[in-house]
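Let's walk through this one together, starting at the surface and then turning to the charged pairs. Have the model open as you read.

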Amino acid sequence: SGFVAYEQYQHEYEFFSASRKNLVTPQLPYLFTGADEGQQNTGSGEKSARANFFGRLNYDYAGKYLAEFTLRCDGSANFAKGKRWGWFPGLSLGWRISEESFFNKNLFDNLKLRASWGMLGNDRVANFQYLQFYNLDSGNTSYVFGEKKILSKGLTPGIYPNVNITWETAQKYNLGIDFGLRSSMLTGSVEYFYERRSDILTPRNASVPVFTGLTLPDENIGKVSNQGVEVTLNHFNKIGTVNYNAGVNFSFAKSKIIYMDEAADTPEWQRRTNHPVDYLMVYKSDGFFQSQEEIDNYPHFADAKVGDVKFVDVNDDKVINGDDRIILSNSSTPKITYGITLGAEWKGFGINILLQGQGMAKTIFNPWDLNQDREYFVNRWTETNTNAKYPAAFDMSSSNIQYISDIWVKDVSFLRVKNVELSYRFEKQMLKKLGLQDLRLSVTGNNLFFIYDNVGFRDPESTDAVGWYYPQQRLITCGLNLTF
C-alpha cells in the first residue's frame, strides 16, 4: 500500500491507495463532495486568519509643535509565507503659528499648519490565491465509477496560482491650514489631499488571450490616484438683537486610473488610463436619422429606422460596433460636492436652513417601456418634431436603448433644499407661571425641493439607471419640546 499527502495552507488533503491497482481517490472532508448515493445533506468549510499589531507615539511641545507617529503591522492568511506581513507607518505634524511670540494676533487668534502622510494596506480579495485550487464538478459533469454505476464528483483545475500575491497599498498625503479671526467671526480650514493606491489586486484578464483557457488570479498591478481640495468656512455674528450664522463646505476631488491591464489592441479613445475609476463608456450620437436615404448612406445597426439615434462612426471603418464607444470626462461620482448652512435667532424665533449640492457629475438613464415621465413622450422624434431631444418611439429590443449613447447621459448637478426648520422658544418668565422650564415649538421640512436643470429624471441622486428608484420623500414634521 502507499500513502501520499500534501498540505495547502490550512487545508489538508489525504490520498490513500491499497495497492497500485486501485484508483487513488481524494478524501475530502465535506458531505457535498461525496457521491450522490446516500447523500442527504450538505456542508462546507472555510478558514481564515489575520493578525494585527499597532502603536502610536505623540509629541507636544508647549502647545506649538505637535507630532504623531503610528505604525501597524498586519498579517493575512490570504497571502503565502514571506508575503503575509505588511508594515504601514504614518506621520502627522502640526505647527500652531499663533502660539509663537513673534506672531501678531491683531487679526488671527488661531493659525495652524498641519501635514500628514500615511500608508494603509488592503487584503480583501479571494483567499489562498497562491495555491492551486480545484473546482468541484457537479451535475452533468460528474462521473460514473464501479459496477453499481455510482455518480461521483470530480475535480478540475481552478484559478491559476499566484505565489507573489501580497498587500495592496495606499499612500495618503494631506496638507492643511486652520484659522480663526480674533473676533471669532470667521473660522475655517483649507486642505489639499492626495492618495495613490499601488499594487491594486486585480486580474490580468485583458492582455491574456481567452484561448489560453486560464482562470487568472489577482495580481498587484493596478494603480489609481485621488486628489482634491476641501474648504470649510463658518461665520458667526450679531446685529442688534439678531444672532445669525452661516457656513459653507466645498470639496473638489477627482480620481484617475494610472495603470490597469488593457488589451494591446484597445482603441486610444477607449483606454481607461487617465480616466475616472468609475468611467462611463457610451456611443457618441449625432442627432437622429431624418430619412431612409440618410440611413442607407451612413453606417447603422440593422434595425435602424427614421427617427432612430444616429451613432457616430468614431474610427471611420464604416461599421458601428463596440469600437465606436467613447469614455466621458465625468462619471457618476461628482467631482464637486458642497453644503451651505444658514441660521438666525431673534426674540425666541429661530430659523435653520441646510442646502446640499453637487456638480461635474453625469449618469446614464435607461428609459423603460413603462411608467416613464411624459418628457420622453412629448420630446420624442416625430415627423412634426424632427429637432427632438429623444429618438422616435421604440420597443426594448431596439438599438436605441440596447446600445447606450450619450442621448441617455444626464447631467446630475443640483442644489437641494435639504432641511428647513422654523422654531419658537417661549420666554422663561412666561414658562415659570406655567411651572415649566422650557417649551419649544418647531416645524421642519426635509427634502423640500431641488434646483435641477435636467427634466424627466425623478431624482438626480438616484442610483437606479432605469429611473425606478423611489425618490427621496418630502417630509414635514411638527414638534414640541417640553421640559418640566
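Is Phe-69 buried, partly exposed or exposed? Phe-69 is partly exposed, because its relative accessible area is 38% (buried is under 20%, exposed over 50%, partly exposed in between, with a 1.4 Å probe and protein chains only). Keep in mind that this is a predicted model, where local features need pLDDT of at least 70, side-chain atom pairs count only at pLDDT 80 or more, and totals for chains, interfaces and linings use all residues. Residues are numbered from 1 along each chain as its sequence is written, and side-chain values use heavy atoms, leaving out hydrogens and water.

Phe-69 sits in strand E5 (strands, E, are DSSP runs of at least two residues, helices, H or I, of at least four, numbered from the N terminus). Together with Phe-53, Leu-57, Leu-71, Trp-85, Trp-87, Leu-91 and Leu-93, Phe-69 makes up a nonpolar surface patch of about 870 Å² accessible area (Shrake-Rupley, 1.4 Å probe, only the protein chains shown counting as cover for residues). Patch residues have over 30% relative accessible area and no salt bridge; nonpolar side chains (Val, Leu, Ile, Met, Phe, Trp, Tyr) are joined within 5 Å, like charges within 9 Å. Strands E4, E5 and E6 each give two or more residues, and E6 has the largest share, with four.

Now for the charges: there are 19 salt bridges (a Lys or Arg side-chain nitrogen within 4 Å of an Asp or Glu carboxyl oxygen). Arg-204 pairs with Glu-219 at 3.2 Å between the closest N and O atoms. That pair links the loop between E13 and E14 to strand E14, 15 residues apart.
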